[in-house]
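Hi everyone, thanks for making time this morning. I'd like to walk you through one structure, so let me put it up on the screen.

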Amino acid sequence: MEKLITGIHHITALADDPQKNIDFYAGVLGLRMVKKTVNFDAPEVYHLYYGNKTGDPGTLLTFFPYSGIQRGRRGNRMMNTTGFSVPAYSLGYWQQRLKRFKIDYSAPVERFHNEMVLYFEDHDGTGIELVFNEKDPRPAFTYGTIPIENAIKGFYHAEIWLDDLPSTVDLLKNEMGHELIAESGNRFRFAPSDAPGNYIDLVHTPGTQKGLSGAGSIHHIAFTTANRETQEQVRIKIAQQMLNPTQIIDRNYFTSVYFREPGGVLFEIATAGPGMDIDEPVEHLGETFRLPPQYEPYRDEIEKLVKPVRLQLNNYL
Ligand code: ZN
């Protein structure tokens, strides 16, 4: 039987300046900007989506850039690091590329005996890891700024720091169909199936300061479910655990249910479809400012509120 939850759908973070955000994720990292829309709950703020060519679940990193907001802080009760999957041989390429753009990175470390990990942060302090591995069959995406053989293929894992693991572990296993895939030291890796893009790493960090929301912090992580029927089944299971899930909310590109897991992290369950090409063709994803039907009548006002931004890749070739 197909699992109700099949992996990570998207990860959403808070950022400061939207142009810097585009320059870093599309420019330095070479992700495709697949959608430029607004935060449906705060339409004066952009919602920028980055992903692979078609903006598939498992590749989507998204941002709410609130210009001028205070910086957040990494810490407990938060998801702190987003892992991206890259080929094992591309470690040297990426070290050189990060050096070229003056991005400090930690010394590469081996994890679980078969992956090398390079940690760095964007200009807002968002934690990123490139995970060099040989087990990801997914195709990469490039604008041509990064040779396709070195380009990012999507997420590898998401890292969550917790004071206590058991209640979050129970939720992942019993309500969300995850299993323990691997463990090493204080890191426990869960997934609905053992494949890059699905891994949730719970890191046991008792006594570590609580994280703070702000620029650079992860706002929530969304998990993929097939459709509204499976989404409702998950919602009922979450409700039975007294975790107060929201009703199903229409996010245009998918529908969503939100709840806070017992460790304090905001979780979302999102449907696989309809997908990023519901309002613009795949060849032109992210090129124009898209608004959902409820905000289209206010387009002129909204366009005056958001700062003009553009994709400028020439500096990142
Ligand atoms: Zn979301």
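Let me start with A270: if we leave aside its neighbours within four places in sequence, A270 is in contact (heavy atoms within 4.5 Å) with H9, H10, A222, F223, T224, T225, Q231, F254, T255 and S256. Before going on, a word on what you are looking at: this is a predicted model, where local features need pLDDT of at least 70, side-chain atom pairs count only at pLDDT 80 or more, and totals for chains, interfaces and linings use all residues. Residues are numbered from 1 along each chain as its sequence is written, and side-chain values use heavy atoms, with hydrogens and water left out.

Back to A270, which sits in strand β16. When I say helix or strand, I mean DSSP runs, numbered from the N terminus: H or I of at least four residues for helices, E of at least two for strands. A270 has a relative accessible area of 0%, so it is buried. The cut-offs there are under 20% relative accessible area for buried, over 50% for exposed, and partly exposed in between, with a 1.4 Å probe and protein chains only. From A270 to I249 is 21 residues in sequence, and their C-alpha atoms are 9.4 Å apart in space.

One of the contacts of A270 is H10, so let's go there next. H10 belongs to strand β1, residues 7–15, and its 2% relative accessibility means that it counts as buried. What does the side chain of H10 make polar contacts with? One partner is the side chain of H220, at 3.4 Å, and another is the side chain of E268, at 3.1 Å. A polar contact here is a pair of N or O atoms within 3.5 Å; within protein, one must be able to donate a hydrogen and the other to accept it, and residues adjacent in sequence count only if both atoms are side-chain atoms. Setting aside neighbours within four places in sequence, the contacts of H10 also include L60, T62, F155 and I221.

Now to helix α4, residues 228–240. Its 13 residues, at 1.5 Å a residue, should span 18 Å, and the end C-alpha atoms are 18 Å apart, which agrees. That expected span is 1.5 Å times one less than the number of residues. Which residues of α4 are buried? They are T230, Q231, V234, R235 and I238. These residues cover an arc of only 145° around the axis, so they lie on the same side of α4; the arc is that of the directions from the helix axis to the C-beta atoms. As a reminder, an α-helix has 3.6 residues a turn, so residues three or four places apart point the same way. On the other side of α4, E229 and Q240 are exposed.

What do the buried residues of α4 pack against? The list is α3 (166–175), β13 (218–225), β15 (255–260) and β16 (266–271). At the start of the helix, a side-chain oxygen of N227 comes to within 3.0 Å of the backbone nitrogen of E229. Just after α4 comes M242, with a positive phi of about 60°. M242 is in the loop between α4 and β14 (249–250), and a relative accessible area of 67% makes it exposed.

Helix α3 has its own buried set: T168, V169, L171, L172 and E175. They pack against β9 (155–162), β11 (187–191), β12 (199–204), α4, β15 and β16. After α3 comes G177, with a positive phi near 65°.

A few backbone details next. Most residues other than glycine have a negative phi, and most peptide bonds are trans. R77, in the loop between β4 (60–65) and β5 (78–87), has a positive phi near 65°. R77 is partly exposed, at 36% relative accessible area. The peptide bond from G273 to P274 is cis, with omega near 5°, and P274 is in the loop between β16 and α5 (299–305).

One last stop, the segment before β1, where we find E2. With a relative accessible area of 57%, E2 is exposed. E2 and T225 are 223 residues apart along the chain, with 10.0 Å between their C-alpha atoms.
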